[in-house]
Amino acid sequence: MELTNEPVETSKKSKNLTRKLQDFISVEQLKIEVLNAAYGNTDTPIARLDARTIFVWYLFYALFPWLTHSWIVLAGMFLMLTATIYLARVSYLLLFLFIMGIIGQGGMVLAVSLFFGGNFETIMPILMFETKLAIISLAGLIAFSTMEPEKLSDGLLKIGVPGQVSFSISYGYRMLPTLIEEYNHVFMSFRLRGKAPEKHGLFYWRSAVYFMKLIVKSFYPLMLSSAKRARTTVESLESRGSLVSFNNKEVKKVKLAHMKFTYKDILFAIFNILYVLMLFMLAIALN
């Protein structure tokens, strides 16, 4: 009678899978993904475009899906953006959140529709609505994952956004990893000083309520420290004359001198226009 190691191998595989999942959702991995999203995609084909080209491209894909009900056009736009996601090297964490958000929202809308007397005929309108949201979300992921904070700030300045607003957005990008780490420290300190439930309860409901309370409580110290840090930054900038530089045309001209349209922007615009026209011609031919 031969002995097999299948149970042992299965146990090892499950432990390795659990360890990989824990590493994926850890705070350190979250910080790495945020930094990659902000700074790690500067060498992609989309990132080499001018910021204004990316703004116009995103605005088109954010508004145009609401102006059509053609499945062919929407499906073609979705497939093109899916391929662009690969070229833009969008973070896996952002893609995971995108997929979970679309599935969760679609399921919630369908459940509400059925609850208020709808039937399964509403699936197709809901699916079209979710497809439009998916197109807008994918375009947003591509646009803002391929622009580092400095490029985003310069692009906003170039199109006329006030300097204070563009700097605030850039500053928020840079502060995200710090805020995540600080929130984790506050959360862990609450866990050390608090008392977890002795019994988990049915489906761990006591533990779930306990952790949800800690999650909410941890935001209060974080908001206070963030407000203090932001105030210190603003005072430091004002002492160096940032308000004058934000509103000085000559300073803006020197700062934004590197921004210019190239043949890559023109080719990118022509490709998108021709692609959308092709989708419309295909939809008209098939209908």
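The following conversation goes through a predicted model and asks what stands behind the terms used for it.

Biologist: What kind of model is this, and how are residues numbered?

Modeller: It is a predicted model, in which local features need pLDDT of at least 70 and side-chain atom pairs count only at pLDDT 80 or more, while totals for chains, interfaces and linings use all residues. Residues are numbered from 1 along each chain as its sequence is written, and side-chain values use heavy atoms, with hydrogens and water left out.

Biologist: How many helices and strands does the protein have, and what makes a run count as one of them?

Modeller: Helices are DSSP runs of H or I with at least four residues, strands are runs of E with at least two, and numbering starts from the N terminus. On that basis the protein has 13 helices and zero strands.

Biologist: Why is the pair of Trp57 and Tyr61 called tilted?

Modeller: The structure holds twelve aromatic pairs, and in the one formed by Trp57 and Tyr61 the centres are 5.1 Å apart with 55 degrees between the planes. Rings of Phe, Tyr and Trp (its six-membered ring) pair if their centres lie within 6.5 Å, and planes under 30 degrees apart count as stacked, over 60 as edge-to-face and the rest as tilted; the 55 degrees of this pair therefore make it tilted. The two residues stand four apart in helix α3 (residues 51-63), so about one helical turn separates them.

Biologist: What makes the pair of Phe64 and Phe280 edge-to-face?

Modeller: Phe64 and Phe280 lie 5.6 Å apart, centre to centre, with 80 degrees between the planes, and because an angle over 60 counts as edge-to-face, the term applies. Phe64 is in the loop between α3 and α4 (71-88) and Phe280 is in helix α13 (residues 263-286), so this pair ties together parts that are 216 residues apart in sequence. Both residues also belong to a cluster linked by ring pairs, together with Trp57, Phe60, Tyr61 and Phe268.

Biologist: Which residues touch the most other members of the largest nonpolar core, and what makes it a core?

Modeller: A nonpolar core is a set of buried Ala, Val, Leu, Ile, Met, Phe, Trp, Tyr and Cys residues joined through side-chain atoms within 4.5 Å. Of the 39 residues in the largest one, Trp57, Tyr61, Met77, Leu81, Ile85, Leu141 and Ile142 touch the most other members. The largest share of this core, nine residues, comes from α6.

Biologist: How do you know that the side chain of Thr146 makes polar contacts?

Modeller: A polar contact is a pair of N or O atoms within 3.5 Å; within protein, one must be able to donate a hydrogen and the other to accept it, and residues adjacent in sequence count only if both atoms are side-chain atoms. A polar atom of the Thr146 side chain lies 2.7 Å from the backbone oxygen of Ile142, and the backbone oxygen of Ala143 lies 3.1 Å from a polar atom of that side chain. Thr146 is found in the loop between α6 (123-145) and α7 (149-158), and its relative accessible area of 2% makes it buried.

Biologist: Which residues does Met259 touch, and why is Met259 called buried?

Modeller: Contact means heavy atoms within 4.5 Å, and, not counting residues up to four places away in sequence, Met259 touches Asp50, Ala51, Arg52, Asp154, Gly155 and Lys158. Met259 is in the loop between α12 (249-255) and α13, and its 10% relative accessibility counts as buried.

Notes:
Buried < 20%, exposed > 50% of the residue type's maximum accessible area, 1.4 Å probe, protein only.
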